[in-house]
Amino acid sequence: MQGYILHTQKVREEDLLVKVLSPKQLYTLYRFYGARHSIIHLGNKIDFYIEKDLREIGKLRDPIHLGFAWEKEMQKRYFWQQFLKLLHTHLKDISTLEDFYFNLLEEGSMRLLKENPKRTILNLYIKLLNFEGRNNSLQSCLICEGILNEEVCITRGFVCAHPHCLKGEILTFSHLENLFNLQIELLEDDEVDKLWNVLMLGL
Ligand SMILES: [Zn+2]
């Protein structure tokens, strides 16, 4: 089986509880001596199998790191891990999943090879919002429900409002249209930075 490590938590001296996102499940597994092994690390894709007995949680067995060339780039790895941390919080109480989330990470890990990491992850997040029915149509202000003007405030969950109705980052209406239409290559670098800051508030 394959999956992405979304979270690790130390138990006892050297063992870990590991959350692994596979196509259909978000597993919580036990790994003996996991803390010693660099394979069991946030953001890594692994091949593994689960050993089960009746009493305990499954044990993570024989993990193999399925590495990507971009993992050597510190910055890309950092941004990837930030996104997976947020995804872990977002999916915290869920165990059964649609394969959308796994496929999203598959797509991301391919795109990171060639793309700017913040732009890649913004692209993934817009797809996540669309999948979860939370896509923003920029129809109206979240707070007063009035029509949005040229300057738009965007905040956590990429909800939008008038700058006088809500605090957040300010972008122009047309560039937010580009964002929600997945034309992220049309955004300026400083806009990407602003949107990244909003994303870091939570999915
Ligand atoms: Zn308003």
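At what angle do helix α1 (residues 74-90) and α2 pack, and how far apart are their axes? In this predicted model, the angle between helix α1 and α2 is about 175°, and their axes lie 12 Å apart. Because angles over 145 degrees count as roughly antiparallel, α1 and α2 are roughly antiparallel to each other. The residues that meet in this pairing are W80, F83, L84 and L87 on the side of α1, and Y101, L105, G108 and S109 on the side of α2. Sorted by class, the contact of α1 with α2 comprises 6 nonpolar and 2 polar residues, while charged residues are absent from it.

These helices belong to a protein chain that has 5 helices and 8 strands, and the order of these elements along the sequence follows the pattern β-β-β-β-β-α-α-α-β-β-β-α-α. The C-alpha trace of the protein chain spans about 60 × 35 × 30 Å along its principal axes.

On the α2 side, the contact is made by F100, Y101, L104, E107, G108 and R111, and on the α3 side by T120, N123, L124, K127, L128 and F131. By class, the contact of α2 with α3 contains 6 nonpolar, 3 polar and 3 charged residues. Y101 and G108 of α2 take part in the contact with α3, and Y101 and G108 are also listed among the residues of α2 that meet α1.

The model also contains a zinc ion, which is coordinated by the SG atoms of C141, C144 and C165 together with the ND1 atom of H162, at 2.1 to 2.4 Å. The site of the zinc ion is tetrahedral, with angles of 93 to 116° among its 4 donor atoms. For comparison, the ideal angle for four tetrahedral donors at a metal is 109.5 degrees. Along the sequence, the donor residues of the zinc ion follow the spacing C-x2-C-x17-H-x2-C. Within this set, C144 and C165 link distant parts of the chain, as they are 21 residues apart: C144 is located in the loop between α3 and β6 (151-155), whereas C165 is located in the loop between β7 (159-161) and β8 (169-172).

Notes. Residues numbered from 1 in each chain as written. Predicted model: local features only at pLDDT ≥ 70, side-chain atom pairs only at ≥ 80, totals over all residues. Heavy atoms only, no water. Contact = heavy atoms within 4.5 Å. Helix = DSSP H or I, 4+ residues; strand = E, 2+ residues; numbered from the N terminus. Nonpolar A, V, L, I, M, F, W, Y, C, P; charged D, E, K, R; others polar. Donors = N, O, S within 2.8 Å, 3.2 Å for Na, K, Ca; no water. Tetrahedral: all angles 85-135°; square planar, octahedral: opposite > 155°, others 65-115°. Axes fitted to C-alpha atoms, helices over the stretch in contact; angles between N-to-C directions. Parallel < 35°, antiparallel > 145°, perpendicular 65-115°, else oblique.
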